[in-house]
Amino acid sequence: MTSMDLKSVLSSFCTGVAVITARGGDGRPAGMAVQSFSSVSLDPPLVCFCPARTSATWPRIEAAGAFAVNILAADQEELCRRFAVTGGDKFAGVPWGAGGNGAPLLDGVLASVECDLEGVLDGGDHAIVLGRVTGLTAHRGGPPLLYFRRSYGSLPGSPGLPGFPSPPSSSMSSSILAARSRSEA
């Protein structure tokens, strides 16, 4: 088995795409696109993402101690590509506002999840980053940006897809309690 074999087979698993953002110690925003984002725990509320150890952006996010996960919509592929590259001013011309923890919340995303850095685990050539959720916002409805077999795509249809209702804005505690009542995972 080679790393290319692993990439080829695992590319059959469709993922959503997010941009992780933080404010560096110098006050400048930092951000990176990830497809390795997941919910971990409802109690305590934890999420994770897995940056490559070679990432130039991850050390700035780690040093900040707090970050935001910006969940991208199907119409945000260009934004994703901007944050997927190394170097340059990724935020040039990108509208955003500061979240409660200071991390940039990108305009137009489906939702944002604000987190304090809870821990970093060894994940081989990646780090496994745990974030404790401190804030949640559902910004708009619509289909997510998806990544599948090294290509971007979306669910067929348009915003308000049957079976995929737009999430209502709600407090973190009521969202967590509602999710727990519907899930065995």
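Author: A search of the whole structure finds six salt bridges, each defined as a side-chain nitrogen of Lys or Arg within 4 Å of a carboxyl oxygen of Asp or Glu. The model is a predicted one, in which local features need pLDDT of at least 70 and side-chain atom pairs count only at pLDDT 80 or more, while totals for chains, interfaces and linings use all residues. Residues are numbered from 1 along each chain as its sequence is written, and side-chain values use heavy atoms, with hydrogens and water left out.

D26, R28 and R60 are joined in a network of salt bridges. D26 meets R28 with N and O 2.8 Å apart. On the scale used here, buried means under 20% relative accessible area, exposed over 50%, and partly exposed in between (1.4 Å probe, protein chains only). R28 counts as exposed because its relative accessibility is 51%, and D26, at 48%, is partly exposed. D26 also forms a salt bridge with R60, where the closest N and O atoms are 3.4 Å apart. Since D26 lies in the loop between β2 and β3 and R60 in helix α2, this pair ties together parts that are 34 residues apart in sequence. Helices (H or I, at least four residues) and strands (E, at least two) are DSSP runs, numbered from the N terminus. R60 has 27% relative accessibility and is partly exposed.

Most residues other than glycine have a negative phi. β2 and β3 run antiparallel and are joined by six bridges; two strands are said to pair if DSSP finds at least two bridges between them. Because five of its six residues are buried, β2 is largely enclosed by the rest of the structure.

These strands belong to an open sheet of seven, in the order β3-β2-β6-β9-β10-β5-β4, with antiparallel pairing. β3 and β4 are the edge strands, each pairing on one side only. From one strand to the next the twist averages 35 degrees, with axes taken as lines fitted to C-alpha atoms (for helices, over the stretch in contact) and angles running from 0 to 180 degrees between N-to-C directions. Further into the sheet, β6 and β9 pair antiparallel over six bridges, with N70 opposite S112 in β9.

The nonpolar packing comes next. A nonpolar core is a set of buried Ala, Val, Leu, Ile, Met, Phe, Trp, Tyr and Cys residues joined through side-chain atoms within 4.5 Å. The largest such core has 17 residues, and I20, F49, W58, I61 and F67 have the most contacts inside it. β2 (18-23), β3 (29-34), β5 (45-49), α2 (58-64), β6 (66-71), β9 (111-123) and β10 (126-138) each supply at least two of its residues. A second, separate core has eleven residues, including V17, V19, L72 and L145. Leaving aside its neighbours within four places in sequence, W58 is in contact (heavy atoms within 4.5 Å) with M32, F49, P51, L117, V120, A127 and V129.

Another of the salt bridges joins D75 and R140, with the closest N and O atoms 2.7 Å apart. This pair links distant parts of the chain, 65 residues apart: D75 is in the loop between β6 and α3 (77-83), and R140 in the loop between β10 and β11 (146-148). D75 counts as exposed because its relative accessible area is 59%, whereas R140 is partly exposed at 31%.

Where pLDDT is low, the predicted coordinates should not be read in detail.
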